[in-house]
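Try each task before you read its solution.

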Amino acid sequence: MTLPPRDDDPQFRDLLDRVGKLPRSIEPERDLWPGIKDRLSKREVRSAKWQWWVVPLAAAAVLVVAIGIRSWRGGEAGSWAVLRLAGRPVVGDAHLAGSGRIRVGDWLTTDDSSRAMIAVGDIGEVEVQPGSRVRLVQARATEHRLALDHGVIAAKVDAPPRLFFVDTHAGTAIDLGCAYTLAVDSAGSGLLRVTAGYVEFQWQGRRSIVPLGASVATRPGMGPGIPVVADAPAALRAALASFDFAAGGATAVRRALTAARAEDAVSLWHLLERVDPAQRAAVFDRLANLFPPPAGVTRDGVQRLDSAQLEAYWKVIKRAAWRREILRSIGKRDGGSGTR
Amino acid sequence: MPAAVPRDSGRAASVADSDALLVRRAQGGDDVAFAEVYRRHVGRVYAVCLRLVRERGRAEELTQDAFVRCWERLGQYRGESAFGTWLYRLAVNVVFEAGRKDRRRQDRIVTLADPALVEPERDPPVRAAGLGIDLEGAIAALPRGAREVFVLFDIEGYSHDEIAEMTGIAVGTSKAQLFRARRLLREQLGA
């Protein structure tokens, strides 16, 4: 910004500098939300009271809208609604002007400047980011399935677990009640990052359960790696990547155990199942040292991969991971809001 | 390995939800999502209202007006800009529309073409340690036109073109008001 000629004295520059540092956000001294909510509801009531004729009209309009929404979202069997968000997405072989439908077998393709939103039946939505190619595989009430060839999607599903699936070259992401982003590159390698709830990623019986705040890398022909939490140490990430995808073996496991913290229990728990039996005791010992197991979970039981004991251990680990991530998010938000 | 993992997230907005997701949910009539939108943005909206009108009670009313307007017009938000940018602009418009109504009600027309015409209505700034003046107090004590342009340009980062569009003044007037606001603040700093 060019200052007027007389504004170049240091005192005034200091003032402008301080003005620039004024808080952009000031919290009101009282909660204004109840008043807003009250006004929103009163507007609806007043309008209904004063203009009686609006009631049947509104009811008809609501009916039409409801029918429209139902029709838009999932009224047509074997297809889902799709909405253009930016640019010129292509569904099948036609450009999507505003909204339309994607049918089973259709591909949705976005170029570098296009985005689209797919309504996942009545249970959620998937935002397809630029440079992506997605196919609708199945659109049934009991199975909602997409295939992501490459690109990035952000999914949010509000439904019981295991109703929404996304196939990739490296396996399948299975919704367990969650929101997540999934990126797949041109070689078919992927990264799944969970932003709410949990996601399971599965390939030929190899499974990773990814909780809120964690991510997992995937590779074609190898499936999912071991999930890591957002702030996992670089040394742990490197060791796990070596173990998962570079045949790092016992050396990689030892490095991972050394680098792991209590916060990395999610990773160590997954490691229990994947290491050679000869190393499992060492993984359990390290995990138990960092994150003590609940009553009833024993070294012998884990060594035998007793499913009930592993599940009991997982329950306490995932609960702690979830709580920690929520607190971490709140702390990060409060710390960076600039409020006073 | 557990057969199924129960969900920990329900209808309540997740802290991890992005603005875009919340807005889409609110556009679908989800008032829980809209409450989260309010909680995330109320500080910025209130700040701009307070600095433009100076009175806490009036700023609270206008903040509420802005969110009511936001709810009514959510359907018009297409995601072409960040949601916050859209909302703060809407809030500024609410403030200026309210100001115009108030002035019409008082049957008093003040032209902003000549900044000198709105010179009065200054309160003495509150002094504070360190800077020598309380910045917020000094800004609040600026004449209305100068204060509005200063808040929008120097604090909120709008361009003169945008300010002209929002306030109904000419671009040249906006620049003159900014120059004047800075001059007045400099005088207060030197006082």
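**Exercise 1. Find where H2(B) bends, and by how much.**

Step 1: H2(B) bends by about 55° at B:His41, where the bend is the angle between axes fitted to the seven residues ending there and the seven starting there. This is a predicted model, in which local features need pLDDT of at least 70, side-chain atom pairs count only at pLDDT 80 or more, and totals for chains, interfaces and linings use all residues. Residues are numbered from 1 along each chain as its sequence is written, while chains are lettered from A and ligands numbered from 1 in the order in which they are written.

Step 2: Now check the ends. Helix H2 of chain B covers residues 31-53, and its end C-alpha atoms are only 29 Å apart, short of the 33 Å a straight helix would reach at 1.5 Å a residue. (Helices are DSSP runs of H or I with at least four residues, and strands are E runs with at least two, numbered from the N terminus; the expected span is 1.5 Å times one less than the number of residues.)

**Exercise 2. Decide whether A:Thr168 is buried or exposed.**

Step 1: Locate A:Thr168 in strand S10 (residues 164-168) of chain A.

Step 2: Count neighbours. A:Thr168 is buried because it has 24 C-beta neighbours inside 10 Å (buried takes 20 or more other C-beta atoms within 10 Å, exposed 12 or fewer, partly exposed in between, with C-beta atoms placed from the backbone).
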